Amino acid sequence: MAEQPSTPAAFGALLRRDFRLLWRRRGDALNPVLFALLVISLFPFALGPEPATLARIAPGVIWVALLLAGLLSLDTLFRADLDDGSLEQLMLAPHPLSVLVGGKILVHWASTALPLILATPLFATLLYLPEGTLGPLMLSLALGTPLLSLIGAVIVALTVGMRRSGMLLALLALPLYVPVLIFGAGSVMAAAQGLPYDGALLLLGAGLVMALVLAPLAAAAALRIALQ
Amino acid sequence: MLDQYAPYVWASYAIFVAMLVWDYLIPRLRLRRTRRAIAIRMKREATRKPGGTP
Amino acid sequence: MNPFMRWLHYLGAPPNFNAFAARWAPWFFLAAVPCILYGFWQALFVVPADYQQGDSYRILFIHVPSAWMSLFIYGVMAVNGFIALVWRIKLSEVLAMSCAPIGAAFTFVTLATGAIWGKPMWGTWWTWDARLTSELVLLFLYLGVMGLYAAIEDRRAAARAACFLALIGIVNLPIVHFSVEWWNSLHQGATIRLFGKSTIDPSMLPPLIALTFGTKFWFAGSLLTRTRATMYELESGKDWVRRDLEARG
């Protein structure tokens, strides 16, 4: 039998596999973007097309749209692997499950959140995002979306295998998402008002660092609890 | 006694009492239902034993 | 093993807990009722009206103990959840799950009485200040635990998942409170301070203390009863249940 691969090698292999699987369905990467675009488009219809109105709510609406798009796409994190039995194999692998789960979260974020972040300038234009706030917005999303993915992964791991868990997932994730949304959108709102916004971004950054360490561990534990 | 705010005060106290009543009754009703279900099952098994239909 | 641990081990066995709960729950309720009634009497008829708020502040004597209970019960739930996850003790699982509806109920009362108090006082049913918003998130946490527990078929796995969620929630709650405070400070003027610089006048203490004790006793009685009811359901096939049924008629 071949020599046992090291954990970093296993991590790399998992990334390559997941990216390859993703590439075969690369059209799916547009789904969250389309959803966010639809949500954002609803607001001018609901509130009227005046630039002043839309500009005031633009940072918040963009943040909420991306949050919701991310929430809806969370289900795909483990679904495919659960259905074909690969998830069980991952859990039995001789490598720390948290590392493997971390890899899956990374690929998932790259395929769902990254397109959203790239589309953000478009969203900003549609909602007349105030001058000079696109930078803080992109920065807040760069810090916030991985945080949302990591936190969401824990919740999805806890509810893995549940059919029709959509509503429950949203209920469980919301309390955890609120602080991220507050600091994320809040930093952009502060920037829009000319107030200092680096405090909020630093807090997001600190949260991200903590989540990078803790969330994969928690998600691995949650998987074991959910799938025993 | 209580001034113009009386309805608000009474409403609050009423909500509190209603919650306590609900909290008292629900587990009792559950327990009663469970016991009844078990009693029925025991009776059914008692009548089945002597006959012994598989 | 010291006597207390031995007693806890003893209680862990379902028939023993059932007997314990059946015996002691009524006493807790019996202790709770006079405390609550005394608290009501003091709050409504004895304590003088507030200088600024008139009589509407009497809602405080319901609102504050309920808020304390909403947090206290979550703590009890989290502790039992931790025990359940680490030592896999079935009784702790059920205790934790039984806490959730009671905690949610007190949280709901806190929110409702807060809104009813806010309307005459500050002209608004709701305000997004840190305390009320955190309380709302707490309600979502409780509902999440209950929802997750209900959604999984296997009762023990469901309890363990919900306990894990409860532990995540207890870390999350102070974070939410802090973030909402920051958010309110950012949007200055949007907040109405619900609890101002008011210091509690000593004459206001008797009803507050009475209702604090009363709600704690009530919680103990309710927790024992709910846990007993759930244990009965979970163990319905076992012999001790049938024997207990026959004994109690």
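Q: How many residues do chain B and chain C put into their contact?
A: In this predicted model, the contact takes 22 residues from chain B and 27 residues from chain C.

Q: And what classes of residue are on the side of chain B that touches chain C?
A: That side of chain B has 15 nonpolar residues, five charged ones and two polar ones.

Q: OK, chain A now. How many residues of chain C are in contact with chain A?
A: There are 23 from chain C, in contact with 21 residues of chain A.

Q: Which helices of chain C each supply at least two residues of that side?
A: Helix 5 (130-151) and helix 6 (155-186) of chain C do.

Q: Which helix gives the most there?
A: Helix 6 of chain C, with 15 residues.

Q: How does the side of chain C that touches chain A divide by class?
A: Into 17 nonpolar, five polar and one charged.

Q: New topic: helices 3 and 4 of chain C. At what angle do the axes cross?
A: Roughly 160°. The axes of helix 3 (residues 60-87) and helix 4 (residues 90-122) of chain C also come within 8 Å.

Q: So are helix 3 and helix 4 of chain C roughly parallel or antiparallel?
A: Roughly antiparallel. Angles over 145 degrees count as that, and helix 3 and helix 4 of chain C cross at roughly 160°.

Q: Left-handed or right-handed crossing?
A: Helix 3 of chain C passes helix 4 of chain C in a left-handed crossing.

Q: Last one. What residue classes are in the contact of helix 3 with helix 4 in chain C?
A: This helix contact has 17 nonpolar residues, 11 polar and one charged.

How values were computed. Residues are numbered from 1 along each chain as its sequence is written. Chains are lettered from A and ligands numbered from 1 in the order in which they are written. This is a predicted model: local features need pLDDT of at least 70, side-chain atom pairs count only at pLDDT 80 or more; totals for chains, interfaces and linings use all residues. Axes are lines fitted to C-alpha atoms, for helices over the stretch in contact, and angles run from 0 to 180 degrees between N-to-C directions. Helices (H or I, at least four residues) and strands (E, at least two) are DSSP runs, numbered from the N terminus. Angles under 35 degrees count as roughly parallel, over 145 as roughly antiparallel, 65 to 115 as roughly perpendicular and the rest as oblique. A crossing is left-handed if the near helix is turned anticlockwise from the far one by less than a right angle, and right-handed if clockwise. Ala, Val, Leu, Ile, Met, Phe, Trp, Tyr, Cys and Pro count as nonpolar, Asp, Glu, Lys and Arg as charged, and the others, Gly among them, as polar. Two residues are in contact if their C-beta atoms, placed from the backbone, lie within 7 Å.
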